[in-house]
Amino acid sequence: MTMQNTTSSQRPRPAMMIPLRRCGSHALRLRLNMSPQFYSPYPLHIVDMMPLLPLYGDLRDDRAYFNLVVDVVGLQAVSMVKWPEVVFDPVEIFETLRNQPRSIHRVVWELLLRAGEKQGARVVMDKSLDSVHYAQELMTLLPDMVFVNVVRDPRAQVASMNRAIIHDFDTLLNAETWLAAHQAADRVIQQWPERVLTIRYEDFLSQQQHTLEALCGFLGIEFLPQMLDVAGSREARQLSQMSALWSSNCYPPIAANIDKFKQQLTLDEINVIETLTGDYMDRYGYTRLAAGDAPLTPARREQAAAKSTGGREQA
């Protein structure tokens, strides 16, 4: 499907990438960002702030909501990857939003849409993938939103998650997170099927141009040949130097990495992942390697939680 902008105010069309980090989402975002019609800055990952939300109190209170606006604007200001050429005034943001439905997601999207407007973009995408768990609220606030659902082999994705401090330090816990994210994505697909494009990251690795053309067609932007040369992206070069986990973002996709998880996971870990995610693997065409019969007992989950806590403290 081709996305048509139906917003009466002609603001950029909102798009959300879902459902879980470490799926290759930066690689896609950086390439799409080479189009002047598209804008997707480094994400705020507001889901990480959600546990603090009750501390603000009743957002119907102006002071509570203003404090939240100040902190979201502050989070954007100190982001490790700066949004180009934008500075937000929290007082102005608050005054714009004070008579609209109050939500942390509405604050985040006001920043995104304003930044996208400044760039002259037709489409603004938030790569805060985990916000899939708040899709119902997002669709209420921004009813013309569309979703790019990026699927990656759960074994490869969990192996990557195990190395990232933003996730747990245990295969079982990260596989459960993977499953919950894709169950949330399924609810989006079931409720708004015409608003979702699902792509496999592995297909991007093997058919980069075809995948990007499909993405551009869905989003309603023009495919540009320079999207195939990510080395030309200043942001990609900058990002690749900021973390070992992002080091490959300034290079062409490496198809050989598809099976890298076989060296990173034990057969027992692979069996755990396939036990939890086997139905999705079958649906998306990933060949199983294990029996899918791992005993996932409460005692094993307790052991996993203890291991992950230890790993986090060490990290």
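The legends below accompany close-up views of one predicted model.

Because the model is predicted, local features need pLDDT of at least 70 and side-chain atom pairs count only at pLDDT 80 or more, while totals for chains, interfaces and linings use all residues. Residues are numbered from 1 along each chain as its sequence is written, and side-chain values use heavy atoms, with hydrogens and water left out.

**View 1. The protein chain as a whole.** The protein chain contains 13 helices and five strands. Helices (H or I, at least four residues) and strands (E, at least two) are DSSP runs, numbered from the N terminus. Of its 315 residues, 54% count as buried; buried means under 20% relative accessible area, exposed means over 50%, and partly exposed lies in between (1.4 Å probe, protein chains only). Among contacts between residues at least 6 apart in sequence, 74% join residues at least 24 apart, where contact means heavy atoms within 4.5 Å.

**View 2. Helix H1.** Helix H1 comprises residues 25-32 and is mostly covered, with eight of its eight residues buried. These residues are Ser25, His26, Ala27, Leu28, Arg29, Leu30, Arg31 and Leu32.

**View 3. The crossing of helices H3 and H4.** The axes of H3 (residues 90-97) and H4 (residues 104-119) come within 11 Å and cross at roughly 110°. Axes are lines fitted to C-alpha atoms, for helices over the stretch in contact, and angles run from 0 to 180 degrees between N-to-C directions. H3 and H4 are therefore roughly perpendicular to each other; angles under 35 degrees count as roughly parallel, over 145 as roughly antiparallel, 65 to 115 as roughly perpendicular and the rest as oblique. Glu92, Ile93, Thr96 and Leu97 of H3 make the contact with Arg106, Val107, Glu110, Leu111 and Arg114 of H4. By class, this contact of H3 with H4 has four nonpolar, one polar and four charged residues. Ala, Val, Leu, Ile, Met, Phe, Trp, Tyr, Cys and Pro count as nonpolar, Asp, Glu, Lys and Arg as charged, and the others, Gly among them, as polar.

**View 4. The packing of helices H6 and H12.** H6 (residues 154-161) and H12 (residues 267-284) pack at an angle of about 130°, and their axes are 9 Å apart. H6 and H12 are therefore oblique to each other. On H6 the contact involves Pro154, Arg155 and Val158, and on H12 it involves Ile270, Ile273, Glu274, Thr277 and Met281. Five nonpolar, one polar and two charged residues make up the contact of H6 with H12.

**View 5. The aromatic pair Phe66 and Phe94.** The structure holds six aromatic pairs; rings of Phe, Tyr and Trp (its six-membered ring) pair if their centres lie within 6.5 Å, and planes under 30 degrees apart count as stacked, over 60 as edge-to-face and the rest as tilted. The ring centres of Phe66 and Phe94 are 5.6 Å apart and their planes stand at 85°, so the pair is edge-to-face. This pair links distant parts of the chain, with Phe66 in helix H2 (residues 62-77) and Phe94 in helix H3, 28 residues apart. Phe66 is partly exposed, at 28% relative accessibility, whereas Phe94 is buried, with a relative accessible area of 6%. Tyr65, Phe66 and Phe94 form one aromatic cluster.

**View 6. The aromatic pair Phe147 and Trp192.** The rings of Phe147 and Trp192 have centres 6.4 Å apart and planes at 20°, so this pair is stacked. Phe147 lies in strand E4 (residues 146-151) and Trp192 in the loop between helix H7 (171-191) and strand E5 (196-200), 45 residues apart. Both Phe147 and Trp192 are buried.
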